[in-house]
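Dear colleague,

Please find the structure below, handed over for your records. My findings follow it.

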Amino acid sequence: MSKIWKKYSSQIIYQDPWVKLRLDQVIKPNGKIGPYAFLQPHGPGVMVVPMTESGDVYLIRQFRYPTQLMSWEFPGGGSEGKNLLAAAKRELWEETGLKAHKWKKLGALQSFTGLSDDIFNVYLAKGLTQTSVNKKHEDGILEAKKFSLRKVKAMVKSGKITDSQTISALYLFNNSIIIP
């Protein structure tokens with residue numbers, strides 16, 4: 001049996017409306033005592049794969065401050081500890097103006113296992129309608145655009161899509177549904 005990490009104290013050293021930074025004092029598997037800091041979002045995250053009747057998907061493009069890069073991603077965000085499906089519906093609408101009539105959970109994934117306890121939940125959204133109302137500019141989203149699945153895969157392969165959550169969601173999507 002392998003040794004596991006053991007926590008002997010914990011404190012929140014920073015908190016805002018979206019995330020907490022927690023600092024634990026731990027006994028490591030090698031028996032040494034030391035600190036371990038990690039991020040805790042306020043509730044699990046959600047990501048949506050919005051798929052049209054023809055099999056195209058929507059991505060959003062936005063500037064990501066921490067990496068200082070433009071990023072193509074599936075719509076998504078935090079649940080703030082609320083109902084995950086309701087959060088997925090809200091994020092899809094806020095970031096694209098789309099509403100969906102059919103929803104399917106594709107799975108749950110760990111985002112940054114060494115830096116955060118975040119788990120994000122991936123949903124497939126079908127039966128899309130455009131409301132022409134959204135909050136994308138408030139969220140810093142520059143555009144929402146429809147792409148063929150072939151194009152999205154080519155964007156991953158060429159390095160135009162580097163967001164690990166989007167790539168992971170694409171994997172779940174490809175392995176859970178037959179594309180027309």
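Three strands make up an open sheet, ordered β6-β5-β10, with antiparallel pairing (strands pair if DSSP finds at least two bridges between them). Because β6 and β10 stand at the edges with a single partner strand each, one side of each has no neighbour in the sheet. From one strand to the next, the twist averages 25° (axes are lines fitted to C-alpha atoms, for helices over the stretch in contact, and angles run from 0 to 180 degrees between N-to-C directions). The antiparallel strands β5 and β6 are joined by 5 bridges, and Gln62 lies opposite Ser71 in β6.

This is a predicted model, in which local features need pLDDT of at least 70 and side-chain atom pairs count only at pLDDT 80 or more, while totals for chains, interfaces and linings use all residues. Residues are numbered from 1 along each chain as its sequence is written, and side-chain values use heavy atoms, leaving out hydrogens and water.

Helix α2 spans residues 149-158, and its residues Leu149, Val152 and Met155 are buried (under 20% relative accessible area; exposed is over 50%, partly exposed in between, with a 1.4 Å probe and protein chains only). The buried residues of α2 fall within an arc of 120° seen down its axis, so they line one face of the helix (the arc is that of the directions from the helix axis to the C-beta atoms). On the face turned away from that buried side are the exposed residues Arg150 and Lys157. The cover over the buried residues of α2 includes β5 (57-64), β6 (69-73), β10 (141-147) and α3 (164-174), where contact means heavy atoms within 4.5 Å. Gly159, with a positive phi near 90°, follows α2.

Yours sincerely

How values were computed:
Helices (H or I, at least four residues) and strands (E, at least two) are DSSP runs, numbered from the N terminus.
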